[in-house]
Amino acid sequence: MTTRLIDESLFENRENRENRENQANQANREFDGGNPPRLVGARCSGCGTVVFPRQDSCPRCPHGVMSVRVLPVSGRVWSWTLQAFPPKPPYRAPSGGHLPYHVGYVDLGEVLVEARLAVPRAQIRIGLPVRLTTVPAYRDEDGNDVVTFGFRPERDGER
């Protein structure tokens with residue numbers, strides 16, 4: 001069984017990531033939340049608007065060209081809620097059925113990103129410093145574990 005990303009287009013190109021991080025062995029990279037792939041948005045050359053996920057045109061102006069923008073790995077919880085019931089498709093429940101989870105907006109400085117929040121209820125609050133991680137989404141038809149991006153509480157010294 002292997003692990004794969006839910007949608008490669010949401011993340012930094014693996015080849016570029018490997019070169020940038022200068023890591024020798026990424027062939028069997030692990031999605032353990034310790035060193036997740038970076039999220040990629042887009043930035044408008046005309047007005048500077050940053051969006052996530054990427055899109056081909058600017059939502060604010062008709063003048064700019066959208067270019068790839070690798071997003072920061074840490075931010076702060078801007079708002080949050082508990083997803084207590086299964087969302088509409090294309091959501092796929094994990095094999096044991098839907099379990100409630102936190103979801104919210106994370107302020108990455110230049111863009112708000114909606115994401116799963118891997119934060120215990122006792123710790124979650126607006127303004128909480130968080131860091132990019134991966135979280136299980138579901139198991140596909142071939143038995144692969146599929147992960148998506150999320151944010152966990154930031155540990156001391158990570159900023």
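**His102.** I looked up His102 and found it buried at 10% relative accessibility, where buried means under 20% relative accessible area, exposed over 50% and partly exposed in between, with a 1.4 Å probe and protein chains only. The model is a predicted one, in which local features need pLDDT of at least 70 and side-chain atom pairs count only at pLDDT 80 or more, while totals for chains, interfaces and linings use all residues. Residues are numbered from 1 along each chain as its sequence is written, and side-chain values use heavy atoms, with hydrogens and water left out.

I placed His102 in strand β6, residues 101-107 (strands are DSSP runs of E with at least two residues, numbered from the N terminus). A polar atom of the His102 side chain lies 3.0 Å from the backbone oxygen of Val119. Leaving aside residues up to four places away in sequence, I listed its contacts, among them Trp80, Leu117, Val119 and Arg121 (contact means heavy atoms within 4.5 Å).

**Arg121.** I then turned to Arg121, which sits in the loop between β7 (112-117) and β8 (129-139) and is exposed, with a relative accessible area of 52%. Its C-alpha atom is separated by 8.2 Å from that of His102, the two residues being 19 apart along the chain. With residues up to four places away in sequence not counted, Arg121 touches Trp80 and His102.

**Strand β2.** I noted that four of the five residues of β2 (residues 40-44) are buried, so the strand is largely enclosed by the rest of the structure. Five bridges join β2 to β4 (residues 66-70) in an antiparallel arrangement, and two bridges pair β2 with β3 (residues 50-51), also antiparallel; two strands pair if DSSP finds at least two bridges between them. I found Arg43 opposite Ser67 in β4, while in β3 its bridge partner is Val50. The hairpin of β2 and β3 has five residues between the strands, and Gly48 in the turn shows a positive phi of about 85°.

**Salt bridges.** My search of the whole structure returned five salt bridges (a side-chain nitrogen of Lys or Arg within 4 Å of a carboxyl oxygen of Asp or Glu). One of them joins Asp140 and Arg4 at 3.1 Å, N to O; Asp140 lies in the loop between β8 and β9 (145-153) and Arg4 in β1 (residues 3-5), so the pair ties together parts that are 136 residues apart in sequence. I recorded Asp140 as buried at 9% and Arg4 as partly exposed at 31%.

Conventions
Polar contact = N/O pair within 3.5 Å; in protein donor to acceptor, adjacent residues only side chain to side chain.
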